[in-house]
Amino acid sequence: MMGVKDWVLSQLVSKSVVSSSQLSAGDRFSNDESLNEEFSNQVAADTSRSPISNQESQNDDPLQQVVVENSCQSHSGTDEKLDPLAKIERLQINFLRLVQRLRQSQDNLVVSKVLYRMHLASLIRAGESDLKRTNLRSDRARKIAAEQEASGLPELDFSFRVLVLGKTGVGKSATINSIFNQFKAVTNAFQPATDHIQEIGGTVNGIKISFIDTPGLLPYSTSSVGRNRKILCSVKRFIRKSPPDIVLYFERLDLMNVGYSVFPLMKLITEVFGSGIWFNTILVMTHSFSALPDGPNGYPLSYESYVTQCTDMMQHHIHQAVSDSKLENPVLFVENHPHCKTDITGEKILPNGQVWKCQFLLLCVCTKVLGDVNTILQLRDGIELGPSNTTRLPSLPHLLSSFLRHRTVVGPSGADTEADVILSSDMEGEDEYDQLPPIRILTKTEFEKLTKLEQKDYLDELDYRETLYMKKQLKEEAHRRREEKILKDGTLGSDGSSDNQEPPEAVQLPDMVIPPSFDSDCPVHRYRCLLTGDQWLARPVLDPHGWDHDVGFDGINLEIVTELKHNVVASVTGQLGKDKQDFSIQSECTAVYVDPRGPTYTVGLDIQSAAKNMIYTAHSNAKVRHFKHNVTECGVCVTSFGEKNYIGAKIEDSVSVGKRLKFSMNAGCMGIFRQAAYGGSLEVTLRGRDYPVRNESLSMTLTILSFNKETVVGGSFQTDFRLSRGTGMSVSGNLNSRKMGQVCVKTSSSDHVEIALIAVISIFRALLRRRATNHRETLETG
């Protein structure tokens, strides 16, 4: 169970002005960026043991949120003329007065943390000449607060609004009456008492509190979903103009058992309000003084163990609803029975001796004060109940780098036009494979009788013949496509129709290797590749490393390349994936028109899912071949993500020297309103002598990116080659002017299985690292 104090400490970190300044995106904060970073490091060192805050555990998904408006109350018209430091001092004085009214010591850990955050907040906006002034004000505020609270002047003006949610009969209205210590809301133990949304206001210890009491929700069933959704939608409309500061979700502690579940109801609340509703929600457990159930040994459970079990169960359901296991909500235990035990002041206490009303007020005051600090210093427009609606946007340099990457153009025949150009230059003359003398294939027994040197020569000869045979097949395929194109161009205007042509014969795809499963030994009824009469190719996406019940099939892959009209080819490639929580899609749609006079025009649309948003990229290219070995290309693109549209343009030129050496240069820019990133690259590629049969190559690239008056120069290389007949290796690396880089080595082999033992070393090191981390965390908590 997460105690109130622990939760407040985590909220102080998440709601502190430090976190707020980092989430800000306005240009007016650019001058304070370096100070904020230094300040964040200081806070991180001080709060390393604090729980993970709710704001930091949010997903990158754009979630609907409830924003708390600026509610900082001004005492007079002169407040507007005060500087931020004076306003912070006045807010600090008010907070200290509230602490005295709640009978809390200023040395209380929660109070000390709030004062510490307010002091650091003042240092952010204080100039160099105001640092000493800030220290003096922090000390003077305590004295002034004591004097004002003793005299009662000026009158304290502090308020907050609370939204109340929960099932019917759990004690929402009774809790409101207990907080005000008077009858303000109608209660009924046998039937729902609140039939409409009402706002109930009052004053407790000089604090103005406004509760938004809502009709109770019905327990989950197929018949109650409609009514519950209608209630929640009406609540959403009610709070739209004036959102609350805090949300209370009520449950009865005495009704919870092992089979108790509120996940469907929490899921419905999440669908209506968005996941952000839970990020400032307090779980309220009523009937906390009831008799505890018996444990497995037949004796009643202890109070601490029972509330911990119930709290963990409620938190688990919230994690399922928001799909975020890092979220931690505070929990308040409430007892409204008139015969509940009280202290000497008449306040109701819990079995553990806590006064729940004081805990509630202290928690709400801390949250409200820190939100007002953010508003005064203009670090953020207001506290957010949940993730911000400003989704993390992709950076312009990243979009530009993706746009500058060369796209392979598919010709009308469905093949790579660049490879066809290289193959067409080798058409003249007799093929090398036909000039080879015949060879007799040895049996396994005959091969084993050879010496090692003879075996090596024999395998090298087979490998050489295989390469020449594959090159011959590629040439014949390119020659066939060229003849078909010439024949089609000649018969385009004739009466001959393609309707009389027989469709190509369907080729059965090889079966995919299915990993072990918990299903029956004959799962043929579940896994199929779609074979249709058209040109669509649909296959499942296989993850051989998956341990899921669905034996590693993560989605479906769709591909098609078809000729729409003469010299117009369309290709669609897409992959769909769906798991228990997320849906993902990646799709590339391209149409190519090859002008008989030489130019090639391309238009396309790319779709990619990013969390729960979609990224759409529309691009268009034009390519012209000036000479046999020189190609120039230009293109534009528009990328849409959320409400932002990015526009880019590029130009690219490539020069081939012979069949193996190629130089490529490109330059482009990507921009949005008043922002732009510029970049370019120079690439040199040396292909293997067997290209395109073997994809052996060595490429070196120099890149330059400029954004916001900062330029980054980087270099990279990549090489793919074969170590032996069955072993291939790929080595890549990069380094930039920021002294950041990486080196990647990949090896695949069908001859040396012992290479896979390298993975054992990696797994062993990871286990040791995790063990050391767990040991260090144990020492810190101990």
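Thr 281 counts as buried because its relative accessibility is 1% (buried means under 20% relative accessible area, with a 1.4 Å probe and protein chains only). The model is predicted, with pLDDT of at least 70 needed for local features and 80 or more for side-chain atom pairs, while totals for chains, interfaces and linings use all residues. Residues are numbered from 1 along each chain as its sequence is written, and side-chain values rest on heavy atoms, without hydrogens and water.

Thr 281 sits in strand β6, residues 281–286 (strands are DSSP runs of E, at least two residues, and helices are runs of H or I, at least four, numbered from the N terminus). A polar atom of the Thr 281 side chain lies 2.4 Å from the backbone oxygen of Ile 277. Leaving aside residues up to four places away in sequence, Thr 281 touches Val 247, Tyr 249, Asn 329 and Pro 330, where contact means heavy atoms within 4.5 Å.

Turning to helix packing, α8 (residues 225–238) and α9 (residues 263–273) meet at an angle of about 40°, and their axes are 10 Å apart. Axes are lines fitted to C-alpha atoms over the stretch in contact, and angles run from 0 to 180 degrees between N-to-C directions. The two helices α8 and α9 are therefore oblique, a class left after angles under 35 degrees (roughly parallel), over 145 (roughly antiparallel) and 65 to 115 (roughly perpendicular). Among the residues making the contact are Leu 232 and Val 235 of α8 and Leu 268 and Phe 273 of α9.

Conventions. Buried < 20%, exposed > 50% of the residue type's maximum accessible area, 1.4 Å probe, protein only. Polar contact = N/O pair within 3.5 Å; in protein donor to acceptor, adjacent residues only side chain to side chain.
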